[in-house]
Amino acid sequence: MIVEHSNQTTNLTKIFYNFAHFIYETTFSDVEESLTELYRDYFGNSPEWSSEICGSASSRKYFRLGDSEHSVVGVIGEDLKENAAFIALSDHFHSAGMPVPKVLAKSRDGRSYIQEDLGDTLLSDLVDRAR
């Protein structure tokens, strides 16, 4: 289930933060323990399922994980500066009232974080439709 967000969340924003080209199912044991821990700390229970989301233009790994009530995007990246920059920009945009996914939790080592899940639509899909 994908968590629904307010009407002010635009398709463009959903697309900007959803890095998926295609999704394939994985067993939950394949998801890094750090994402499981972040999810459990934030929601109070472990996720029931996960899907790896193949990202683009980045070495980060993306996962969609959740349970019957929640869905989030989990990110694992070894480039600490890139992660910190993304989180800082996301926090700034969110605090300015822009409809972007909120970073919900981040690991102490800065290598992983979970953020709101805004859906499956990609920016490239909207561009293709507009042509």
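This report walks through the confidence, strand pairing, salt bridges and ring contacts of the structure above.

**Ground rules and confidence**

This is a predicted model, in which local features need pLDDT of at least 70 and side-chain atom pairs count only at pLDDT 80 or more, while totals for chains, interfaces and linings use all residues. Residues are numbered from 1 along each chain as its sequence is written, and side-chain values use heavy atoms, with hydrogens and water left out.

Let us begin with pLDDT, the predictor's confidence in each residue, from 0 to 100. The protein chain has an average pLDDT of 78, and 70% of the residues score at least 70. Among the elements of the protein chain, the lowest mean pLDDT, 38, belongs to strand 1 (residues 23–25), and the highest, 96, to strand 5. Over residues 1–27 the pLDDT is below 50, yet this stretch has 79 contacts in the model beyond near neighbours in sequence. A contact here means heavy atoms within 4.5 Å. Helices (H or I, at least four residues) and strands (E, at least two) are DSSP runs, numbered from the N terminus.

Strand 5 (residues 103–106) runs antiparallel to strand 6 (residues 112–116), and 3 bridges join them; two strands pair if DSSP finds at least two bridges between them. A105 has I114 of strand 6 as its bridge partner. The two strands form a hairpin with 5 residues between them, and G110 in the turn has a positive phi of about 80 degrees.

Strand 6 also holds Q115. Is Q115 buried or exposed? With a relative accessible area of 1%, Q115 is buried, where buried means under 20% relative accessible area, exposed over 50%, and partly exposed in between (1.4 Å probe, protein chains only). The C-alpha atoms of Q115 and V73 are 5.3 Å apart in space, although the two residues are 42 residues apart in sequence.

**Salt bridges**

Side chains of opposite charge can pair when their charged atoms come close. The structure holds 4 salt bridges, each a side-chain nitrogen of Lys or Arg within 4 Å of a carboxyl oxygen of Asp or Glu.

| Salt bridge | Closest N and O atoms |
|---|---|
| R40 and E33 | 3.2 Å |
| R60 and E82 | 3.5 Å |
| D117 and R64 | 2.6 Å |

R60 forms a salt bridge with E82. This pair also links distant parts of the chain, with R60 in the loop between strand 2 (49–53) and strand 3 (61–66), and E82 in helix 3, 22 residues apart. R60 counts as buried at 11% relative accessibility, while E82 is partly exposed at 28%.

In the pair of R40 and E33, R40 counts as partly exposed at 31% relative accessibility, and E33 is partly exposed with a relative accessible area of 47%.

**Aromatic rings**

The structure holds 3 aromatic pairs. Rings of Phe, Tyr and Trp (its six-membered ring) pair if their centres lie within 6.5 Å; planes under 30 degrees apart count as stacked, over 60 as edge-to-face and the rest as tilted. The rings of Y39 and F43 have centres 4.7 Å apart and planes at 45 degrees, so this pair is tilted. Both residues lie in helix 2 (residues 33–43), 4 residues apart, about one turn of the helix. Y39 is buried at 0% relative accessibility, whereas F43 counts as partly exposed at 21%. Ring pairs link Y39, Y42 and F43 into a cluster.

F86 and Y113 form a stacked aromatic pair, 5.7 Å centre to centre with 20 degrees between the planes. This pair links distant parts of the chain, F86 in helix 3 and Y113 in strand 6, 27 residues apart. F86 and Y113 are buried.

R60 returns here as well: its charged end sits over the ring of F86, 5.4 Å from the ring centre. A charge sits over a ring if NZ of Lys or CZ of Arg is within 6 Å of the ring centre and within 35 degrees of the ring normal.
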